[in-house]
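This note sets out several points for a colleague who is new to the model. Please keep the structure in view while reading.

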Amino acid sequence: MPEIVHIIDVESGNLRSLQNAVEYLGYETKLIKDASDPELSKATKLFLPGVGSYGHFVRQLNAKGFVKPVKEYIAQGKPIMGICIGLQALFDGSEESPDDIGLNYINFKLSKFDPTNKSVPEIGWNSVSAVGDNMLYDINPNNRYYFVHSYAAILNEKLKKDLSSNGWEIAITKYGDEEFVAAVAKDNIFATQFHPEKSGLAGLKVIRAFLEQKKHSTLPEITVPNDYSNNGLTRRVIACLDVRTNDNGDLVVTKGDQYDVREKDAQGGDVRNLGKPVELAEKYYKQGADEVTFLNITSFRNSPIADQPMLEVLKLAAKTIFVPLTVGGGIKDVVDPDGTKVPALQVAGLYFRSGADKVSIGTDAVIAAKKYYANGGKGDGTSPIETISKAYGVQAVVISVDPKRQYVKSQADTQNTTFKTKFPGPNGEEYVWYPTTIKGGRETTDLGAYELVQACEALGAGEILLNCIDKDGSNSGFDLELIDHIKSAVSIPVIASSGAGKPEHFSEVFTKTKTDAALGAGMFHRDEFTVKQVKVHLRESGLQARLDEETL
């Protein structure tokens, strides 16, 4: 019989991926949702994973009665591993939520990253340095691990001394010029700020070392370049799958029904089937994709939310794909065919519990932004952006922006933010702005993309997925001017999308703009290039790119 591993569930994010990772390693998992569950007293190996905000997580620990039994479990010397907010909860507080008290194992308050010259949250793959002569639970300085957080235990000399004098071993990471705690260990306690269950094979090795209680191993020769040209992060390459049902009712990957770039079959009729979603996603993961995004482009409008085909896609994909998964399409307040009203927060919760790490919001983001400006630059707490980010954290909410270039003769021709373009319009116009569109590009609004992303960041979004209708399906490269235009509007990460047709387009967007990530779709689906070929090209161009280990 497989050994049972227990996971504390305070309903603050995606635990399906952690369960899948542990089960992939040959164990059985059981969730503990309440401290009164007798399973907690039976636990011999315990995970304390947290996603979202510090305050929400520690309040849930208290509300569900977990604080005392968790401390008693630790006092008994049984192994426990915290992940992300599960690490942060070991500290006594965070400036994110000043009134909420943590578990008080480390007397220090976490603080927010300085957004000067870098995006916040930190989202991406960073290296982790060992402190001392050994690796801690197989955390290898030559590997990369996935981080997604805005607050951290930012190191100073006092904290270093306090940790050392109190018996804590640490591993550290640097984001920009700020060094912070990436992992801590003391006796039976181990915790990571990064997500090992989302860090590919390198992360699975860390989980396995904890489960096997192999605390120390020999430090290898360090070969990872000390490159902080991207604030320490590798260049993030995302594979995107547009998922829909075709006319035969099959769930397929296509090149979208947006922007009139659908790929037809040989007779020009049905949407061309470029592959099955789960199989393709796993292929891209094995090729080295840093993230996988599923865009449910038809929203399966006639299907009850609980029966959404995308839920099954996510459940299956998350079993073998150990990098972040994003899903978009239909993340809004909806009404089921039987008339049942389902709020966006509940819809998002279904996706998170099925294996998604982030949800992408499109048309409803434009609606929320317009309401934000009409309300004097304030949210009313009801938009999907606000409700989901409040419960699951800003890093869980991605805004999908679908703008289209509009030329004007002067800045006075629009109330939206313009810039002087290097590529004048058909009548010599020197200025452009980017109206947003909704409903898959079928309707254009009077709200500029610049104004949209600023409003969404204020409402609680953590990342921007920046499409471009003019570039989509062109295979001519990303819209570099648009990317820098939007990057100048926000401090949160921006993902460049639309237009990638060859590896050189990725190196171009990373060297000529300040984008945080770049996304490809059709070039991968048609097997013109692989994700690995893009990564190898980036390395050959002098850009750091993660290539996962071959075996566990």
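Which residue is the bridge partner of Phe-419 in β26? The third point below gives the reply.

1. The model is predicted, local features need pLDDT of at least 70, side-chain atom pairs count only at pLDDT 80 or more, and totals for chains, interfaces and linings use all residues. Residues are numbered from 1 along each chain as its sequence is written, and side-chain values use heavy atoms, with hydrogens and water left out.

2. An open sheet of 3 strands runs in the order β24-β26-β25 with antiparallel pairing. β24 (406-408) and β25 (419-420) are the edge strands, each with a single partner, so one side of each has no neighbour in the sheet. Strands are DSSP runs of E with at least two residues, helices are runs of H or I with at least four, and both are numbered from the N terminus. Two strands pair if DSSP finds at least two bridges between them.

3. Between β25 and the antiparallel strand β26 (residues 431-433) there are 2 bridges. Val-432 is the bridge partner of Phe-419.

4. Asn-230 sits in the loop between β15 (216-218) and β16 (236-245). Its relative accessibility is 15%, so Asn-230 counts as buried (under 20% relative accessible area; exposed is over 50%, partly exposed in between; 1.4 Å probe, protein chains only). A polar atom of the Asn-230 side chain lies 3.4 Å from the backbone oxygen of Thr-234.

5. Asn-467 occupies the loop between β29 (463-466) and α14 (480-487). With 7% relative accessibility, Asn-467 is also classed as buried.

Conventions. Polar contact = N/O pair within 3.5 Å; in protein donor to acceptor, adjacent residues only side chain to side chain.
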